[in-house]
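Please look over the chain shown below before reading on. The paragraphs that follow lead from charged side chains to helices and then to some loops.

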Amino acid sequence: MKYYVGMDHGTTAISFSIIDTARSEVSYFKLNREDLANNKVSFKNTLTEHVDISDIELLAMTYAMGDNISSIMPLEKVVNRGIKSINGAGRVTGGGSSVYSDIESMNIPAVLIPGLHRECEFLDKRFRASYSHCASSEKVSLSYYAYKKYGYNNMIIADISSNTVCILVENGVIRGAIDACIGAMGFIHGPIDLSMIRDIDENKCSANECFSHAGISKIAHVDSSVSHVKDDILEKAVNGDEDALLAIDSLVMSVVMEIYGLYGVSNKNIDAIILTGSGGVMSEPIDISGKIKVEVENLAPVEVMSDHSGSLGSAYIAMDVANNYSNIMGINVEK
């Protein structure tokens, strides 16, 4: 029996998909980051409930920004967990660190997936010149799942949840992405505008604090814990709160702007636009995916993908790396 495990290091939760090759089945579980940080749940215990650890062929994981590596690397070769710094990465809970430590201590065969940043030579040189960082590593995973699921060589993928990141794929290679701190708003994170720059200069708050309050939560006037922000915004919107409804419309607007921006710089005819993330796939209680689709379907057909796409993509990366793939969407695989 062989299992391939994929991990998605998200803002509010850390998700896992397990491919069971014998039964052609995929199982899924997620762990709340705050619960992990507070030792209310255990990755090690939860994983052993799903699989025999000795049967795991390979685990592919994402962690934080992934900006200190530019290839898919065996975990034992990774320095500083593949990141340059934990600073400037949004709200830090520590839940992801505990999972990383568990994986190391369990001696599970594992690889770490890089983020998209200036040192990634597969990216369009214009993106590398313009931005130090384009996306964290789970965006690689969900892009790979889209590629495996649909087979499109040229696509724009919009991942909309706590933050929003859109990715440009050309000829099956990731060529660019727009990070949450410079592009569209998510429920929690977003770009820092002039007012926030002034707040930073006047020492009212840090840049990271501003980034973590620059999503549509600022419009809906929601400042609850990370794991409750989205639900609190939606509850207000369903109840007709004007600020919350404006927040949803603003989210849609900013995502549409980002998709059009990538479409405008693409060197290829786009085959499809893929929506994913908890916001990107949402049709109830607010039809966010429908609102976005109607605005961009004139550019290319729109597909709505699973919100488990990050962990699923990581699991497929694990399976293909174990089967001696040397390149994943332009990213080299180190042995």
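Are lysine 139 and glutamate 138 buried or exposed? Both lysine 139 and glutamate 138 are buried, where buried means under 20% relative accessible area, exposed means over 50%, and partly exposed lies in between (1.4 Å probe, protein chains only). This is a predicted model, in which local features need pLDDT of at least 70 and side-chain atom pairs count only at pLDDT 80 or more, while totals for chains, interfaces and linings use all residues. Residues are numbered from 1 along each chain as its sequence is written, and side-chain values use heavy atoms, with hydrogens and water left out.

The side chains of glutamate 138 and lysine 139 meet in a salt bridge, at 3.4 Å from N to O; a salt bridge here is a side-chain nitrogen of Lys or Arg within 4 Å of a carboxyl oxygen of Asp or Glu. Glu138 and Lys139 also belong, together with Asp159, to a network of salt bridges. The structure holds 10 salt bridges. One of them joins aspartate 124 to arginine 126, with the closest N and O atoms 2.8 Å apart; aspartate 124 counts as buried because its relative accessibility is 7%, whereas arginine 126, at 42%, counts as partly exposed. Another pairs lysine 204 with glutamate 202 at 3.3 Å, N to O, and here lysine 204 is exposed, with a relative accessible area of 59%, while glutamate 202 is partly exposed at 47%.

Which charged residue is buried yet has no salt bridge? That residue is aspartate 179, and the nearest side chain of opposite charge, lysine 139, is 7.5 Å away, given that Lys and Arg count as positive and Asp and Glu as negative, with His and the chain ends not counted. Aspartate 179 sits in the loop between strand S11 (173-178) and helix H6 (194-201); helices (H or I, at least four residues) and strands (E, at least two) are DSSP runs, numbered from the N terminus. Not counting residues up to four places away in sequence, aspartate 179 touches His133, Cys134, Ala135, Thr164 and Val165, contact meaning heavy atoms within 4.5 Å. Alanine 180 is in the loop between S11 and H6 too, and it counts as buried because its relative accessibility is 2%. With the residues up to four places away again left out, alanine 180 touches Asn163, Thr164, Val165, Gly190, Pro191 and Phe211.

Now turn to the helices. Helix H13 (residues 309-322) has 14 residues and reaches 20 Å from its first C-alpha to its last, close to the 20 Å expected at 1.5 Å a residue, the expected span being 1.5 Å times one less than the number of residues. Because 12 of its 14 residues are buried, H13 is largely enclosed by the rest of the structure; among the buried ones are Leu312, Ile317, Met319 and Val321. Just after H13, asparagine 324 takes a positive phi of about 70 degrees.

Two packed helices are described by the angle between their axes and the distance between the axes. The axes of helix H5 (residues 138-150) and H13 come within 7 Å and cross at roughly 75 degrees, where axes are lines fitted to C-alpha atoms, for helices over the stretch in contact, and angles run from 0 to 180 degrees between N-to-C directions. H5 and H13 are therefore roughly perpendicular to each other, since angles under 35 degrees count as roughly parallel, over 145 as roughly antiparallel, 65 to 115 as roughly perpendicular and the rest as oblique. The contact includes Leu142, Tyr144 and Tyr145 of H5 and Leu312, Tyr316 and Ile317 of H13. The axes of helix H2 (residues 43-50) and helix H3 (residues 95-106) come within 9 Å and cross at roughly 60 degrees, which makes H2 oblique to H3.

Some loop residues remain. Arginine 81, in the loop between strand S5 (73-74) and H3, has a positive phi near 55 degrees and is partly exposed at 22% relative accessibility. A cis peptide bond, with omega about 0 degrees, joins glutamate 284 and proline 285, and proline 285 lies in the loop between helix H11 (277-280) and helix H12 (288-296).
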